[in-house]
Each structure stands twice: as C-alpha cells, then as structure tokens.
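Biologist: I would like to learn how to read a model of this kind feature by feature. Could we go through it together, with the general idea before each case?

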Amino acid sequence: MEYIVPNVDLDAHECPLAVIRCVDWRFRESDQEYVVKGLGYRHFDLFGWPGSAKEVLKNNGFKTALLEKIVSVSRNLHNVKKFLLLWHWDCGGYGGSAAFESAEAEEEQYQKDLRAVRDILAKELPEDLEIIMAYSRAVPEGLKYSVLE
Ligand SMILES: [Zn+2]
C-alpha cells in the first residue's frame, strides 16, 4: 500500500536545532508541540533513545556514538547551532514517577542529571554548539515544559 504525504519540503533549509528525547510514545506529540510551538523551532534534527541522553552518564558507547553523530550530521551537515536535551515526566528510564518519593524529588533528579549530562557533553562538543536543557512535568492542566537555566 502506498501513501503520499503532500507538501514535503525537501529543499535545503537552515536547521537551527537538534533534539534528543526519550522514545516514550506517550510524549511524542507533546514533545513535538513543545519544540515547535513552545520554543519556536519548525525545523530540527530529532534523536530518540530510551531515557533520552541519560545513558551519557554511563560513559559508554552511547555517548561516543551520540557525540559523533551530533557533530558529523547535525552540526557539520545541517548547520545546527543548538542541542536540546529533553527529559520527560514519569520516565521509565528512572522507573517512572512511582520510583520517587515526591514530585519535587523527581524534578530534582531530572535537573541534576540534565546538568550532569550537559557538563559531560559540553567538554567534548565544539564551543559553537550551545547545549540547552528542558523537561516536562505533569500538572493538572497537562504537561508543563520548563527550560533549565
Ligand atoms: Zn522515558
């Protein structure tokens, strides 16, 4: 069966951003909406991995492969200027929200790990590639996304 997606723009565009997010299907649409509408990026490279870039903390082959592709593909080929580390609420990579004593403890852990991953990657990425961090948290109205300063 064939299926045609209309109006796909294959011409070269500036791609200002690369994103790494968790594979969790529950957050696929909301993560996309946040990057497009919340942060204002229409075009971005998208990397997906269970737990997002949390595995960088293990200092294993994942870190090596991620760094290599971010530089060789996103930066050098697509001219990306920023790299977003995007974590999400209730992430199975942490055992979900149930693994934490409170929402505050979960949020603190995400912030701590985001900063730790950022620090590791920043040492090895070119200086002209800015790393930004964000995460989602469940609130009564839905999912609240915050940029971590
Ligand atoms: Zn996850």
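This is a predicted model: local features need pLDDT of at least 70, side-chain atom pairs count only at pLDDT 80 or more; totals for chains, interfaces and linings use all residues.

Biologist: Which atoms coordinate the zinc ion?

Modeller: The coordinating atoms are SG of Cys22, NE2 of His88 and SG of Cys91, at 2.0 to 2.3 Å. Water is not among the atoms, so sites may look incomplete.

Biologist: Is cysteine 22 buried or exposed, and what of cysteine 91?

Modeller: Cysteine 22 is buried, and cysteine 91 is buried as well.

Biologist: Let us turn to the sheet. How should I read the pairing of strands, and what is the order of the strands here?

Modeller: Strands of a sheet pair through backbone hydrogen bonds, either parallel or antiparallel. Here five strands form an open sheet in the order E2-E1-E3-E4-E5, and the pairing is mixed. E2 and E5 are the edge strands, each of them pairing on one side only, and from one strand to the next the twist averages 25°.

Biologist: Which strands run parallel to E1?

Modeller: E1 runs parallel to E3, to which four bridges join it, and also parallel to E2, with five bridges between them. To find these pairings in the model, one may look for leucine 17 opposite lysine 82 in E3, and for arginine 21 opposite glycine 48 in E2.

Biologist: And in what sense do E4 and E5 pair?

Modeller: E4 and strand E5 (residues 142-148) pair in the antiparallel sense, over seven bridges. The two strands form a hairpin that has two residues between them, and tyrosine 135 has serine 146 in E5 as its bridge partner.

Biologist: Why can E1 be called largely enclosed?

Modeller: Burial is judged residue by residue, and five of the five residues of E1 are buried, so E1 is largely enclosed by the rest of the structure. Both of its faces are covered, with Leu17, Val19 and Arg21 buried on one side and Ala18 and Ile20 buried on the other.

Biologist: How are the helices placed against these strands?

Modeller: H1 lies across E1, E2, E3, E4 and E5, and it runs at about 50° to E5. H2 packs on the sheet, where it touches E1, E2 and E3, and its direction makes about 165° with that of E2.

Biologist: Could we take phenylalanine 83 as an example, and ask what it touches?

Modeller: Phenylalanine 83 is found in strand E3 and is buried, with a relative accessible area of 1%. Leaving aside residues up to four places away in sequence, its contacts include Leu66, Ile70, Leu121, Leu125 and Ile131. Phenylalanine 83 and alanine 18 are 65 residues apart in sequence, yet 4.8 Å apart in space, C-alpha to C-alpha.

Biologist: Where is serine 52 found?

Modeller: Serine 52 is found in the loop between strand E2 (44-48) and H2, and it is buried, with a relative accessible area of 1%. A polar atom of its side chain lies 3.1 Å from the backbone oxygen of isoleucine 20. Among the residues that serine 52 touches are Cys22, Phe62 and Trp87, and tryptophan 87 in turn touches others, including Tyr94, Tyr110, Leu114 and Tyr135.

Biologist: For contrast, is lysine 112 buried or exposed?

Modeller: Lysine 112, which is found in helix H3, is exposed, with a relative accessible area of 57%.

Conventions: Residues are numbered from 1 along each chain as its sequence is written. Side-chain values use heavy atoms; hydrogens and water are left out. Donors are N, O and S atoms within 2.8 Å of the metal (3.2 Å for Na, K and Ca); water is not among the atoms, so sites may look incomplete. Buried means under 20% relative accessible area, exposed over 50%, partly exposed in between (1.4 Å probe, protein chains only). Contact means heavy atoms within 4.5 Å. Two strands pair if DSSP finds at least two bridges between them. A polar contact is a pair of N or O atoms within 3.5 Å; within protein, one must be able to donate a hydrogen and the other to accept it, and residues adjacent in sequence count only if both atoms are side-chain atoms. Axes are lines fitted to C-alpha atoms, for helices over the stretch in contact, and angles run from 0 to 180 degrees between N-to-C directions.
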